[in-house]
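Hello,

Here is the structure I promised to pass on to you. Have a look at it first, and then read my notes below.

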Amino acid sequence: MTMQLENDLLLRVANGASVERPPVWLMRQAGRILPQYRALRANFPDFKAFVKNPAAASEATIQPVDELGVDAAIIFSDILVVPEAMGLDYEMIEAKGPKFPTTIEQASDVEQLRSGAEAAASLSYVWEALALTKSNLQGRVPLIGFAGAPWTIFAYMVEGGGSKTFSKARRMLYQQPETSHALLQKITDTTIAYLQGQIKHGADLIQLFDSWAGELTPEQYREFAAPYLAQIAKALPEVPKTVFAKGAWFALEDFAEMPWQVVGLDWNIPPAFARARVGADKALQGNFDPCALYGSAETIRERALEMVRAFGPKHIVNLGHGVYPDTPLEGVRTFVQTIQSVRY
Ligand code: CP3
């Protein structure tokens, strides 16, 4: 039985319908900005134990809906569960970030990785968290599922963590292009199976995070990133899908050609620039500077309304990247309330 949604603004915009006001949610809304998240998180020895507990993940997913009244929930998980499912284990180091004890260096490393449905099967805890959340939400708002884009996952698997330059991952594209493609294809196959499971278990919309898209040249993006994104978009016709490729202003025309209904934008991209390249049909998502949320209530209101005017309709309000963990909750609240008071 499919449940009727009480608030389906997000899905209406994603599907091209007209709405009375823009929907609003925040990337990384399920997390440390909320005191109730920090309290829940304290019950677990580490981040991974938390992520693997469907009841806790479901609770963290719904917290921002209760506390901030956002127009969508995003499942509490991480993009790094995919490399783990493929056989490359990671640690989440407190206050530092992810670290992979072993990394991918050569063709034989890629050959050893699991992929596709076989790898995705070990992510059933995320599917369970989605099913539980879908039920617990009782149709209040849509539930967003997500995964990392192949290039961003590749970057973590080769670098072994975050990086200032991503020079190891980028170097591999030049030195071992065939091995790079083999790894990107294995990530893609796993991601497709994983996202198909997410849709089956209740995700109403899927978002792909290509956080390190802006590290590539436009030519490299066209060769090593865009084709895999196209495969993913085409493999998931059941629900609307969002591509968020940070720093990839040069790829907007490529996204226009793919079956993405929503294109996410970072704060470096002017709305008119994006609209001219993406075309009239797709919805645009973004792109408030997360740092503006540290400003005064008056500044937040002014900037938020200015952004809504600049985008016009077919717009899903969000930040240009994830909300920073130390953002004042009052700033976030002002932002959400300002958007929800808009009438087109
Ligand atoms: O958006 C949400 O609210 C849902 C949950 C979510 C998390 N990570 C939870 C998380 C989502 C969508 C992500 C995506 C993610 N994870 C991305 C893509 C988005 C982006 O910001 O570019 C990336 C690159 C990661 C990888 C990752 N996970 C890093 C680099 C870190 C460490 C840095 C940090 O923010 O602490 C994480 C950890 C992480 N993922 C936390 C949360 C709430 C914090 C860890 C904790 O609470 O202990």
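Which residues form a positive surface patch? They are Lys-96, Lys-99, Lys-168 and Arg-171. Before you go on, please keep in mind that this is a predicted model. Lys-96 counts as exposed because its relative accessibility is 76%, and the cut-off for exposed is over 50%.

**Salt bridges**

How many salt bridges does a search of the whole structure find? The search gives 12. Here are some that you can look up yourself.

Glu-20 pairs with Arg-12, and their closest N and O atoms are 3.0 Å apart. Glu-20 is partly exposed, at a relative accessible area of 41%, and Arg-12 is also partly exposed, at 27%.

Next, turn to Asp-89 and Lys-48, whose side chains meet in a salt bridge with an N to O distance of 2.9 Å. Asp-89 sits in the loop between helix 5 (81–86) and strand 2, while Lys-48 belongs to helix 3 (residues 47–51), so this pair ties together parts that are 41 residues apart in sequence. Asp-89 is partly exposed, with 44% relative accessibility, whereas Lys-48 counts as buried at 14%.

Lys-52 and Glu-84 also meet through their side chains in a salt bridge, here at 3.3 Å from N to O. This pair links distant parts of the chain, 32 residues apart: Lys-52 is in the loop between helix 3 and helix 4 (54–68), and Glu-84 is in helix 5. Lys-52 is partly exposed, with a relative accessible area of 37%. Why is Glu-84 called buried? Its relative accessible area is 14%, and buried means under 20%, so Glu-84 falls in that class.

Now put these pairs together: Lys-48, Lys-52, Glu-84 and Asp-89 are linked in a network of salt bridges.

**A buried threonine**

Is Thr-190 buried or exposed? Thr-190 is buried, with a relative accessible area of 0%. You will find Thr-190 in helix 11 (residues 177–200). A polar atom of the Thr-190 side chain lies 3.1 Å from the backbone nitrogen of Gly-116.

**Backbone details**

Most peptide bonds are trans, and most residues other than glycine have a negative phi.

With that in mind, which peptide bond is cis, with omega near -20 degrees? It is the bond from Gly-286 to Asn-287. Asn-287 lies in strand 8 (residues 283–288).

Phe-166 has a positive phi, near 55 degrees, and is a residue other than glycine. Look for Phe-166 in the loop between helix 9 (150–159) and helix 10 (167–175). Phe-166 counts as buried, at 0% relative accessibility.

Lys-314 has a positive phi too, near 60 degrees. This lysine is in the loop between helix 15 (297–311) and strand 9 (315–319). Lys-314 is partly exposed, with a relative accessible area of 32%.

Methods:
Residues are numbered from 1 along each chain as its sequence is written. This is a predicted model: local features need pLDDT of at least 70, side-chain atom pairs count only at pLDDT 80 or more; totals for chains, interfaces and linings use all residues. Side-chain values use heavy atoms; hydrogens and water are left out. Patches are made of residues with over 30% relative accessible area and no salt bridge: like charges are joined within 9 Å, nonpolar side chains (Val, Leu, Ile, Met, Phe, Trp, Tyr) within 5 Å. Accessible areas come from the Shrake-Rupley method with a 1.4 Å probe; for residues, only the protein chains shown count as cover. A salt bridge is a side-chain nitrogen of Lys or Arg within 4 Å of a carboxyl oxygen of Asp or Glu. Lys and Arg count as positive and Asp and Glu as negative; His and the chain ends are not counted. The place of a charge is taken as NZ of Lys, CZ of Arg, CG of Asp or CD of Glu. Buried means under 20% relative accessible area, exposed over 50%, partly exposed in between (1.4 Å probe, protein chains only). Helices (H or I, at least four residues) and strands (E, at least two) are DSSP runs, numbered from the N terminus. A polar contact is a pair of N or O atoms within 3.5 Å; within protein, one must be able to donate a hydrogen and the other to accept it, and residues adjacent in sequence count only if both atoms are side-chain atoms.
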